Amino acid sequence: MTVTVIVGTQWGDEGKGKITDLLARDMDMVVRYQGGNNAGHTVVIKDETFKLHLIPSGIFYPTVTCVIGNGVVIDPAVLVQEVSGLRQRGFNCANLKVSSQAHIIFPYHRDLDAAQEQKHEAGRIGTTNRGIGPCYVDKFNRRGIRVWDFQYPDVFRQKLEWNLKEKSFLLNNFYGFKVDYNADQIIKDYFALYEQFKGLVVEESTVVIGGAIDGNKRILMEGAQGTMLDVDHGTYPYVTSSNPIAGGACSGAGFGPVEIDEVIGVAKAYFTRVGGGPFPTEIEGGMGDQLRERGGEYGTTTGRPRRCGWYDGVVMRHAAKVNGITQLAITKLDVLDSLDKIDVCVAYECEGKRIKDFPTDINRLAKCTPIYESYPGWKEDITKITNYAKLPANARKYLDKLAELSEARVSLISVGAERGQIIKV
Ligand code: IMP
């Protein structure tokens, strides 16, 4: 087994950090391939909680090389803060490498993110306000500034000044968002930050990753966000600005698709979503509130309460197809411990028809209502169970249904936040 990709199958927050942390132990390398500090991966080690936004969740194993790939967008202040936070807690981050092809987030990206959200006539996306979308816009518009550019201060200044001119005009004149950027100050601040992380930068991250692939090393590609937030395959426009799906790992890390051996889809035993946009199985009030409280469903990055709902088999079927999922990791099954009955969406009813293929056009999606089947709860504490056979029969029945709907076998079941609270099937 050489390359394994971990992807979120829902709208992010599936518990990928915990699964990555578990698998990282047996890996040689863990690579983040897209997104930025909009992500929040929580890892609990004994009684300590770590929240990672940019750094791959393999960082806790000193022998595992962790790479922030070319497809990631980096806010240097966040990177420096995250590294120094980990160093203070005993992880020296000597095993971290940063791609020089990754793009840099600047203050104008954050301002544009905020301004667009305020003036979005077509409806707010509910972004994390970290400047992620505007940074990817510059990347694809070929106006971006990459980690590489720190090596050429004159080029850096030239690109920055051009961007400041363009963005100031747009922000002041179109968005009415008053800004007055000082190029010298930004350069001073950013080069001071660069000094603190330049020791981690690798010139050709694809050579580092390719070398590991050629050497038959075990490599984990860690996706952020989730399939339904994918800019192509999610609920557009209520998505993030990158490709969290498994294929995104090829472009965001730089290797060929034939190298991928396993795609592990991480799915919460129920569904959540933060921000705006469609969520067919959302439960408002009552049971939704209960799931939020029991599951601690508040954003790792923004602290926003997450919307909660039932497991959606139509979304999962879509996720299975667009990612090529070979295994499923079900997380937070214990959150359902006390429920009398659990609903599962098995299909949608859409304009009088029963459908199983997810409509990615949100106008069509708005005409769909979930068709549910109910499953009896198991009404017992499963947080200490480590053997699949010991799970209550009703929990196993529920898992069988999730596997059938998701068209993949369940290989991992998480029953609590701690590292050890996991069942390998
Ligand atoms: P952005 O990625 O900040 O542009 O936000 C776009 C959408 O993706 C919003 O609905 C965010 O709430 C959502 N989003 C971005 N990152 C995450 C994540 O890590 N978990 C869950 N939702 C996310």
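**Cores**

I started with the nonpolar cores of this predicted model. The largest one has 68 residues. I noted the members with the most contacts inside it: M221, Y311, I330, L336, Y348 and Y398. Domain 1 and domain 3 each supply at least three residues to this core. Apart from it there is another core, of 63 residues, and I jotted down I45, L96, L112 and L220 as being among them. For my own reference: in soluble globular proteins, nonpolar side chains tend to be buried together.

**Domains**

I then wrote down how the chain is divided. Domain 1 takes in 3-99 plus 201-264, domain 2 covers 103-197, and domain 3 runs over 268-424. How far apart are the centres of domain 2 and domain 3? Taken over C-alpha atoms, 37 Å separate them. The two do touch: 5 residues of domain 2 are in contact with 5 residues of domain 3.

**Ligand**

Next I went to the ligand. I found 16 residues around it, and the closest are D13, N38, T128, T240 and R304. T240 has a side-chain N or O atom 2.6 Å from an oxygen atom of the ligand. For N38, a side-chain N or O atom is 2.9 Å from a ligand oxygen. R304 also places a side-chain N or O atom 2.9 Å from an oxygen of the ligand.

**E14**

I looked up E14, in the loop between β1 (3-8) and α1 (16-24). Is this residue buried or exposed? E14 has a relative accessible area of 1%, and buried means under 20%, so I put E14 down as buried. What does its side chain reach? A polar atom of the E14 side chain lies 2.8 Å from the backbone nitrogen of Q10. The E14 side chain also reaches the backbone nitrogen of T9, at 3.4 Å. Setting aside neighbours within four places in sequence, I listed its contacts as G8, T9, Q225, G226, V266, A267, K268 and T331.

**Helix α2**

I checked the length of α2, residues 76-88. With 13 residues at 1.5 Å a residue, this helix should span 18 Å, and its end C-alpha atoms are 18 Å apart, so the two agree. Which of its residues are buried? I got P76, V78, L79, V80, E82, V83 and L86. I noted that E82 is on that list along with the valines and leucines. The cover over these buried residues includes strands β4 (48-52), β5 (65-68), β6 (73-74), β7 (96-99) and β8 (103-104), plus helix α6 (183-197). After the helix comes G90, with a positive phi near 95°.

**N70**

N70 is in the loop between β5 and β6. Its relative accessible area is 11%, which means buried under the 20% cut-off. Not counting residues up to four places away in sequence, N70 touches S99, Q101, A102, K139, S205, T206, S251, G252, A253 and G254. I marked K139 in that list as a residue within the bounds of domain 2.

**V344**

V344 is part of strand β16, residues 341-350. I have it as buried, because its relative accessibility is 0%. Leaving out residues up to four places away in sequence, V344 touches Y311, I371, Y372, E373, Y375, Y398, L402 and L405. Y311 and Y398 are names I had already written down, from the list of residues with the most contacts inside the largest core.

I finished with the backbone. Where is the cis peptide bond I noted? It runs from Y236 to P237, with omega near 5°. P237 is in the loop between β10 (219-222) and α8 (246-254).

Two residues other than glycine also went into the notebook for positive phi. N129 has a phi of about 60° and belongs to the loop between α3 (107-118) and α4 (132-140). N129 has a relative accessible area of 33%, so I logged this residue as partly exposed. K379 has a phi near 50°, and its place is the loop between β18 (368-376) and α12 (393-406).

Notes: Residues numbered from 1 in each chain as written. Predicted model: local features only at pLDDT ≥ 70, side-chain atom pairs only at ≥ 80, totals over all residues. Heavy atoms only, no water. Core = buried A, V, L, I, M, F, W, Y, C linked by side-chain atoms within 4.5 Å. Buried < 20%, exposed > 50% of the residue type's maximum accessible area, 1.4 Å probe, protein only. Domains from an automatic or database assignment. Helix = DSSP H or I, 4+ residues; strand = E, 2+ residues; numbered from the N terminus. Expected span 1.5 Å × (residues − 1). Contact = heavy atoms within 4.5 Å. Near = heavy atom within 4 Å. Polar contact = N/O pair within 3.5 Å; in protein donor to acceptor, adjacent residues only side chain to side chain.
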